[in-house]
Amino acid sequence: MSNKRPILSVENLTKVFGGVVAVDNVSFTVDEGEIFAVIGPNGAGKSTLFNMITGVLPSSSGNIYFQEKRLNRKKPYQIAQMGITRTFQNLEVFDNMSVIENVMTGAHITMKTNILTAGLRLPSVKKEEIKTMERAIEALEAVGISDLAYEMADRLPYGSQRLLEIARAAISNPKLILLDEPMAGLNSEESRQLVEVILKMREKGMTFLFVEHDMETVMSISDSIVVIDNGVKIGEGTPEEIYQNPQVVAAYLGDEEEEGVEAYA
Amino acid sequence: MNSKSLKLIYNNSILGPIIFFVLLFCVPLVSSSNYLFSILTMVGFYALVCIGLTTLTGYAGQISLGHAAFYGIGAYSSAVLTGTYGLNPWVAIIIGAIISAVVALIVGIPTFKLKGYYLALATLGFGIIVYTLFKELSTITGGSNGFFGIPPISLFGFEFITDTSYFYLIWIFVFFAILFTRNIIHSRIGRGLRSIEGSEIAADAVGVNLMNYKLQIFVLSAIFASVSGSLLAHYVSFINPDLFVANTSIFFLIMVIMGGKGNIWGSIVGAAMYVLLDEILKHYVPMLLPNVGGQFEIVFFGILLVLTLIYMPDGLVPRFEKLISKFKKKTPTNGALQSTISANATGGDNK
């Protein structure tokens with residue numbers, strides 16, 4: 001573990017909505033190749049934090065650095081172009097497209113075709129399309145739903161749609177994938193499948209940052225965990241360290257069952 | 001893998017369009033009715049506008065109630081540049097298209113920050129402003145009296161004067177517009193556009209620059225409308241501002257929605273339906289109700305639009321496609337989906 005290199009640094013990040021401090025001075029560093037989890041009870045500020053990193057919400061103060069480049073004030077599409085992609089808690093597949101087109105759309109930033117070359121269908125465009133299609137099939141194979149490639153995306157079961165989102169996020173070879181509550185709404189079989197996919201991709205060198213409710217998953221697959229409560233970071237460390245942190249246990253783990261129920265409500 | 005498998009995703013075969021246009025271009029062999037060709041030519045003008053509009057509305061999900069403005073800018077550019085300044089009509093068409101593109105860009109940058117009703121209202125307002133300009137800049141445009149004496153268009157010494165020759169001219173434009181647009185739809189750009197309609201937040205997250213895409217397709221659709229307007233000007237040789245009122249924009253949108261807003265062929269079907277119904281109305285309504293004024297069309301098409309949105313929101317062409325696919329055998333991929341669904345159904349619920 002000597003070759004740890006930071007990929008994402010969050011420094012003193014704060015978000016204030018009116019008079020409410022949703023995220024208060026939170027700092028942490030994600031290293032390359034690790035699975036990093038942010039956990040916390042409902043309303044802890046996880047989603048706000050997530051939205052600031054992805055550029056959906058501007059931060060009130062503090063900095064976010066991705067490979068030494070500042071992310072603040074960058075728009076979501078610019079952040080994607082820098083190499084950070086994401087999935088959504090409440091599934092955002094393109095329901096007007098087939099599964100494979102969804103994944104090919106994920107490859108958007110790796111392609112060069114413009115409106116003029118596309119309209120004239122130059123040979124380079126066709127070549128790029130075929131290449132992208134092959135990569136899309138590989139990406140779908142990696143998450144195990146390549147047999148559904150030509151279905152309309154909205155006809156897929158919930159769990160497969162989440163896998164589709166991961167394939168869409170992964171096809172552009174990003175340096176970091178952000179997962180927003182990836183286990184939400186999945187049954188146990190689907191969760192197991194998803195964990196498998198994430199672990200397999202990590203083996204290939206992908207870095208994951210995820211916000212999650214499902215404690216079992218968090219503890220079993222994360223390398224590092226940050227716990228926030230009421231917008232404040234109350235703990236950080238490996239899963240073992242988190243289990244032994246009395247502050248964390250009081251704020252969160254003590255309510256595990258209750259939280260588990262709420263997560264699916 | 002080869003290009004064959006690309007066909008599983010997109011039907012980019014050129015056979016369909018060629019058969020359609022060959023059949024269409026054979027019509028003059030069986031009929032020589034000027035009335036018929038004037039009708040078909042009108043359909044061509046509208047179809048060209050609608051092809052652009054359907055990429056904007058149907059694929060990118062952005063509404064425009066101002067496309068008559070670009071139609072008019074093209075028409076007036078051609079009229080003024082050829083009629084007043086004696087330029088070659090082809091050069092005038094290109095200049096008109098450039099003017100429309102620049103105007104679309106300037107109008108689009110602030111306008112596409114808006115969504116939904118606000119966008120609809122802003123584009124409607126833009127259309128009304130341009131209409132007023134046509135009317136009030138009377139030293140250039142001839143004002144409400146209109147612009148007379150627009151010269152016909154010619155190619156290699158052949159003048160397009162007869163309805164039949166113009167029918168060929170406009171439909172050749174439509175043919176290439178269809179191919180060009182379809183190529184765009186079946187590419188990275190098309191997916192980028194459709195992703196905007198599918199989910200703006202996800203499109204943003206995969207790196208699609210939403211503003212850039214909306215602007216590009218707005219400009220493209222403005223160019224199509226402009227070229228159509230230019231060709232119209234040379235065809236009718238007389239234009240006035242009333243051809244480009246806000247109602248015209250609304251009719252364009254009705255054609256797109258009737259035909260099927262997510263389908264390029266819907267533009268042609270919608271335009272044809274509109275022209276056909278309009279002709280029937282013009283013929284029969286005065287016979288049945290002699291005292292009715294000229295505004296019954298907007299009432300009729302307004303009702304038709306509402307009915308279409310309620311009973312056939314996808315429009316005619318997708319409805320027709322569904323009907324056809326019912327007769328076709330189900331593909332094996334359907335089976336794969338079925339088994340996955342049933343596997344998940346038996347997998348149990350986590351609640």
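The radius of gyration is taken over C-alpha atoms, and the globule rule is 2.2 Å times the number of residues to the power 0.38. For the 351 residues of chain B, a compact globule would have a radius of gyration near 20 Å; the 22 Å of chain B agrees. The structure is a predicted model, in which local features need pLDDT of at least 70, side-chain atom pairs count only at pLDDT 80 or more, and totals for chains, interfaces and linings use all residues. Residues are numbered from 1 along each chain as its sequence is written, while chains are lettered from A and ligands numbered from 1 in the order in which they are written.

Of its 351 residues, 47% are buried (20 or more other C-beta atoms within 10 Å of the residue's own, C-beta atoms being placed from the backbone).

At the interface, 48 residues of chain A contact 40 residues of chain B (C-beta atoms, placed from the backbone, within 7 Å). H5(A) gives the most to the chain A side, six residues. Other elements giving two or more include helix H2 (76-82) and strand E6 (84-86) of chain A.

Chain A averages a pLDDT of 89 (the predictor's confidence in each residue, from 0 to 100). In chain A, confidence is highest in H3(A), at 96, and lowest in helix H11 (residues 256-263), at a mean of 45.

Technical notes: Contact = placed C-beta atoms within 7 Å. Helix = DSSP H or I, 4+ residues; strand = E, 2+ residues; numbered from the N terminus. Buried ≥ 20, exposed ≤ 12 C-beta atoms within 10 Å, placed from the backbone.
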